[in-house]
Number of protein chains: 2
Amino acid sequence: MRLRSSLLLTFALCAAVPAVRAGTVASIDSPGKVLRVELDLHEGRLGYRVRRFGEPVIDTSALGFMLRGSGKLERNLALAGQDTRSVDATWEQPWGERRFVRDRHNELRATFTETIAPGRSFDMVFRVFDDGIGFRYEIHASGGEAGASAAEWVIDDELTEFAVHQPADTAPPTAWWIPAGEWNRYEYLYQRTPLVEVTMAHTPLTLRTADGLHLAFHEAALVDYSGMWLRRVEGGRLRAQLAPASEGWKVKRRLPFHTPWRTVQIADTAAALYESSDLVLNLNEPNRLGDTGWFEPAKYVGIWWSLHLETETWASGPKHGATTANAKRYIDFAAANGFRGVLVEGWNPGWDGQWFGNGYDFDFTRATPDFDIQALSAYAGERGVHLVGHHETGCAASHYEAQMAEAFAMNARLGIDAVKTGYVCDAGGMERRLADGSIAREWHDGQWSSNHHLRVVEAAARQRIAINTHEPIKDTGLRRTWPNWVTREGARGMEYGAWGQPPNPPEHEANLFFTRMLSGPMDYTPGILSLQGRGQPIETTLAKQLALYVVLYSPLQMAADLPGHYAQHMDAFQFIRDVPADWAETRVLAGEVGDFVVVARRDRTGDDWYLGAVTDEHGRLLEVPLSFLEPGRRYLAQVYRDGTDAHWRDAPFSFQRESVEVGSADILPLRLAAGGGQAIRFVAREP
Amino acid sequence: MRLRSSLLLTFALCAAVPAVRAGTVASIDSPGKVLRVELDLHEGRLGYRVRRFGEPVIDTSALGFMLRGSGKLERNLALAGQDTRSVDATWEQPWGERRFVRDRHNELRATFTETIAPGRSFDMVFRVFDDGIGFRYEIHASGGEAGASAAEWVIDDELTEFAVHQPADTAPPTAWWIPAGEWNRYEYLYQRTPLVEVTMAHTPLTLRTADGLHLAFHEAALVDYSGMWLRRVEGGRLRAQLAPASEGWKVKRRLPFHTPWRTVQIADTAAALYESSDLVLNLNEPNRLGDTGWFEPAKYVGIWWSLHLETETWASGPKHGATTANAKRYIDFAAANGFRGVLVEGWNPGWDGQWFGNGYDFDFTRATPDFDIQALSAYAGERGVHLVGHHETGCAASHYEAQMAEAFAMNARLGIDAVKTGYVCDAGGMERRLADGSIAREWHDGQWSSNHHLRVVEAAARQRIAINTHEPIKDTGLRRTWPNWVTREGARGMEYGAWGQPPNPPEHEANLFFTRMLSGPMDYTPGILSLQGRGQPIETTLAKQLALYVVLYSPLQMAADLPGHYAQHMDAFQFIRDVPADWAETRVLAGEVGDFVVVARRDRTGDDWYLGAVTDEHGRLLEVPLSFLEPGRRYLAQVYRDGTDAHWRDAPFSFQRESVEVGSADILPLRLAAGGGQAIRFVAREP
């Protein structure tokens with residue numbers, strides 16, 4: 001039982017209404033009176049600000065647009081009406097970090113109209129939770145100008161700001177961020193800098209103030225719109241910078257429409273910040289695909305790591321990885337170890353040339369001659385295994401769209417019910433075939449791409465296929481609405497351990513958890529127990545590789561190393577065999593952004609709990625109350641931990657496995673080596 | 001059950017021994033192989049360093065002395081021998097934050113001898129715990145020079161250093177500190193600055209590195225030695241600066257002798273840093289007073305706050321507070337509400353002149369004419385109440401020593417078994433009467449004062465009296481050895497809320513908890529429910545005043561407000577009536593230095609748990625697992641919390657009391673207002 005409901009209920013009943021400030025035309029409190037949003041009109045100029053426990057968190061920040069042809073929409077505004085509503089609902093996820101999600105917020109809808117011509121009007125909708133806010137613009141059908149262009153907006157810029165409050169005499173907030181606008185993807189090392197050194201960042205952008213408040217800026221429900229980057233304009237003031245379309249404008253929409261939700265998660269601790277990510281899901285629309293119970297969260301193996309080690313190739317030839325014989329070995333390995341999926345990259349024609357950003361040779365409807373996809377599908381099916389499809393587009397996105405219906409139909413016939421897509425093109429951009437046959441190049445997170453991905457997801461859904469997007473657009477919680485969009489990449493994954501310069505450092509996953517993972521699942525492809533890339537070591541201990549299965553959620557979770565490598569570490573591999581890929585509950589037990597995290601999750605289909613802990617380049621000595629376990633019940637804790645002298649650099653293989661009987665009143669010491677981690681399975685005894 | 005023992009046992013069995021570095025002549029690991037101390041000799045110069053999980057925490061730091069007459073003792077040293085031992089013991093405290101204390105450490109004793117004349121020799125003794133280290137110098141009888149002065153050292157400086165490691169490209173550690181050497185006491189607001197802005201600081205000095213490691217520097221068992229200040233000499237390098245004696249040297253000792261322990265507590269979280277304070281107690285000698293069961297931890301009230309409000313006076317006259325009639329009222333109030341003690345300040349002659357730093361008129365053996373101490377003692381005794389004695393010395397310390405035996409004997413006859421002492425003298429210093437009758441002035445934390453306080457404590461112990469020292473020398477854990485030295489001041493207390501300029505700010509107690517409170521109990525005198533000082537407000541909410549009873553441990557704990565004020569807040573006052581003054585267990589559930597803290601403690605004499613949470617000027621929304629409760633048992637949580645619109649500045653009296661049934665599996669939401677807090681009593685149901 002969480003007491004939140006019973007205790008906080010009182011707040012609502014006894015709440016006094018603080019005085020409204022001068023200039024404030026509307027305001028709304030969160031249900032527990034933690035956050036308050038105030039809307040101001042100063043000389044017709046609209047702004048919002050956020051207070052927490054009465055103290056400023058976001059100072060007055062601009063709202064508005066720069067529109068092509070009709071100029072700025074940010075002044076000469078009047079409040080035309082407002083209303084509020086309260087929601088307290090709980091909904092069930094088909095899969096996710098937790099089965100039940102509570103959506104408890106107060107909503108303010110305020111209508112603004114221009115007091116001069118053309119008299120455009122729109123609503124500002126704010127949803128205020130105790131742990132964050134979301135707001136969006138809803139543009140009325142009458143939002144346009146009179147005449148021919150009335151029905152359309154061409155947005156040159158969205159003027160939304162987030163002015164992070166900074167008290168005098170305190171150090172600036174610390175930011176964890178990756179740069180936006182410089183390259184076409186999200187695969188950077190997270191930087192930790194003072195906020196005042198941020199230039200332009202992707203979201204989620206995570207901050208910690210000098211006073212220990214944690215904030216994350218992101219967006220929810222990015223549909224038919226351009227992704228939002230955050231550009232620092234001065235001090236702690238961030239401004240939305242929309243990814244541009246190839247035509248130069250940022251977004252073009254028919255009226256009426258609404259923008260994605262702009263979100264700010266606000267929490268006292270890093271752990272609570274992660275938990276507040278339910279806000280992003282809550283701001284998305286409910287499932288529109290109907291029953292997607294056909295998607296089964298699962299682990300998979302595949303012909304992949306060998307490609308990054310360059311011992312095998314995607315391309316045809318003597319080292320071609322996707323051969324019938326090789327795939328059979330993986331299917332056998334999967335069947336023997338309980339993995340549902342076998343991914344085979346390089347199974348189809350198109351890999352032999354320069355396909356990077358130029359994937360026009362890819363054929364998604366037939367296999368290479370040395371890969372008998374029919375026979376393999378049957379072979380897999382007899383063993384309870386499913387091939388996982390792979391659609392690398394080389395960013396030839398329109399080329400892919402033209403084939404995808406047929407490709408997904410073929411997949412469905414073969415029992416392939418999950419497909420990994422890929423958009424490798426570095427700086428080139430997504431290929432968009434125009435009506436005249438010419439080609440435009442679009443940003444990975446531009447408006448066109450946002451729609452492309454949904455076309456793929458919907459086409460896949462028609463064949464009951466789940467999508468795992470690599471080099472994707474960022475996650476904005478659309479898995480709620482399209483539950484077959486199950487996971488994606490969207491950050492530096494394990495392959496950077498193979499060849500990255502520099503490789504992923506020990507702090508990488510402790511950064512990811514509190515930044516990238518706020519947006520949703522990631523197909524990080526952990527489990528490289530060989531700890532060896534292409535001439536460079538993986539910068540973790542062995543135990544940390546196991547912990548990643550609990551820390552980094554993905555409903556399609558890979559065991560990424562080679563079968564032969566797992567054979568050399570059967571004691572550790574047992575955890576990978578055991579760990580589920582989906583969860584009924586999640587509790588972040590401890591953590592600091594970029595330093596360490598301890599998370600416990602309960603199996604979606606059983607009573608066992610799993611704990612994962614990872615640290616950065618520093619060892620940690622933590623004590624964790626096991627209060628998440630069912631009271632009165634006993635558990636066998638199967639502990640996979642760093643050896644006493646383990647160290648990511650000096651002794652990464654130092655590893656210990658042991659069992660201990662525990663209950664909910666126990667306090668577990670966690671000793672994480674430098675660059676290390678710990679994984680525990682708590683096997684529930686019969687009650 | 002804490003699993004530490006069972007799981008960590010394995011470490012000891014399978015530990016590999018890392019290679020010893022060049023120059024390292026001795027080293028020792030902590031029992032769980034978390035910390036390692038290495039001793040170096042470079043060209044005969046001795047240094048130590050500390051690693052944690054293999055990474056540097058304290059870089060090579062100097063050890064040695066500057067001795068009067070014989071110069072530096074820090075070069076030309078050779079290792080003459082070394083041995084190690086392991087300790088894992090548990091001892092029981094007569095009172096304290098927890099009943100049982102575990103002492104688990106490895107000890108290294110290394111003997112060094114000068115290779116040139118005069119050939120002095122000493123041992124370096126390091127005790128290495130998993131959460132900190134202590135080390136001291138043990139000077140041999142042969143440590144002195146040949147000849148007349150062989151038997152004595154006059155120490156001009158101790159050269160001990162603590163070189164805080166700072167990785168390249170990281171921000172400097174943050175320090176929470178008060179200045180040393182500028183004034184004679186510890187009553188400053190804690191500053192939060194980069195370590196590189198520390199000048200000279202008192203201990204405990206608390207640091208947090210950019211990577212989230214928490215450190216605290218202090219000393220243990222300060223006996224017949226001068227208190228250690230920490231002077232920053234360059235970068236992150238701190239050097240011991242001993243408080244000087246009036247003669248100009250710092251310490252004068254006969255040989256053999258040993259220094260106090262120099263301590264470094266090291267933990268990953270602020271919560272663990274507080275818990276690591278057991279290290280200071282563990283480094284003190286066991287109880288040497290025998291059974292001190294006659295001391296009963298208890299709450300007290302008294303004639304005190306009215307003096308700070310200036311509605312009554314210490315001095316005689318029409319507003320004299322310490323009158324028989326007034327004291328009777330307090331005794332009645334104490335008896336009616338279950339308080340054991342009644343403190344009466346101003347009960348004795350000596351207050352009428354300028355007594356600040358000039359307390360020669362104080363008489364500790366008789367009361368003023370309007371205070372019938374005999375009758376009041378009897379009146380109290382009939383009601384189960386004890387008067388609490390008060391010995392303000394005005395720093396006339398020798399003057400006090402001359403009377404104290406008689407004074408304590410009188411106290412004992414009157415049932416007065418606890419005495420609050422005071423040393424108010426600001427910059428003047430402690431009066432020390434020399435043999436020739438002349439007077440010297442000594443620092444509060446100089447060698448002479450360290451001995452004065454122990455003479456007082458021992459004289460009191462002979463009469464079975466407990467001592468509560470105000471304007472004291474700092475706490476270094478001597479309560480273990482002298483268990484009647486039960487509490488003290490030694491920081492800015494509640495009276496600064498009455499008249500301090502500036503007053504104690506909202507962050508004050510969140511600073512104290514992770515700095516001053518690392519050293520031991522503090523008589524902070526909380527519970528000012530009127531929230532009003534002398535023309536200035538107390539900068540907390542009402543609920544926070546209650547929380548302080550759990551957060552700030554003192555086995556003599558005052559309910560400091562006026563009885564009439566409590567009558568106006570009977571709902572809140574109930575918590576002060578209920579809360580015990582001593583604990584069986586303590587768990588720090590959450591916290592950040594200077595920001596907030598949540599602590600749970602179990603009654604030493606019962607099954608009830610109490611929770612206290614305080615925050616700084618920022619409101620907090622926290623979730624606290626109640627896993628400290630006994631599994632399977634039900635508790636009635638009596639919650640005293642901030643009202644929904646509470647704010648220390650705008651609405652400090654907004655307050656809510658409610659009850660809810662809970663168990664160990666529940667997660668409690670804590671909503672702390674800006675400058676607020678929360679207090680909870682968990683009343684155990686019958687099992």
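Is A:Cys425 buried or exposed? With 6% relative accessibility, A:Cys425 counts as buried, where buried means under 20% relative accessible area, exposed over 50% and partly exposed in between, for a 1.4 Å probe and protein chains only.

Before going further, note that this is a predicted model, in which local features need pLDDT of at least 70, side-chain atom pairs count only at pLDDT 80 or more, and totals for chains, interfaces and linings use all residues. Residues are numbered from 1 along each chain as its sequence is written, chains are lettered from A and ligands numbered from 1 in the order in which they are written, and side-chain values use heavy atoms, without hydrogens and water.

Next, select A:Cys395 together with A:Cys425: the two form a disulfide (a pair of cysteine sulfur atoms within 2.5 Å), with their sulfur atoms 2.0 Å apart. This pair links distant parts of the chain, 30 residues apart, since A:Cys395 lies in the loop between strand S25 (386–392) and helix H7 (397–413) of chain A, and A:Cys425 in the loop between strand S26 (418–422) and strand S27 (430–433) of chain A. Helices (H or I, at least four residues) and strands (E, at least two) are DSSP runs, numbered from the N terminus. The torsion about the S-S bond of A:Cys395 and A:Cys425 is about -60°, so the disulfide is left-handed. A:Cys395 is buried at 0% relative accessibility.

Then move to chain B and select B:Cys395 and B:Cys425, whose sulfur atoms are 2.0 Å apart in a disulfide. Here the S-S torsion is about -55°, so this disulfide is left-handed. B:Cys395 is buried at a relative accessible area of 0%, and B:Cys425 is buried at 6%. Over all chains, the structure holds 2 disulfides.
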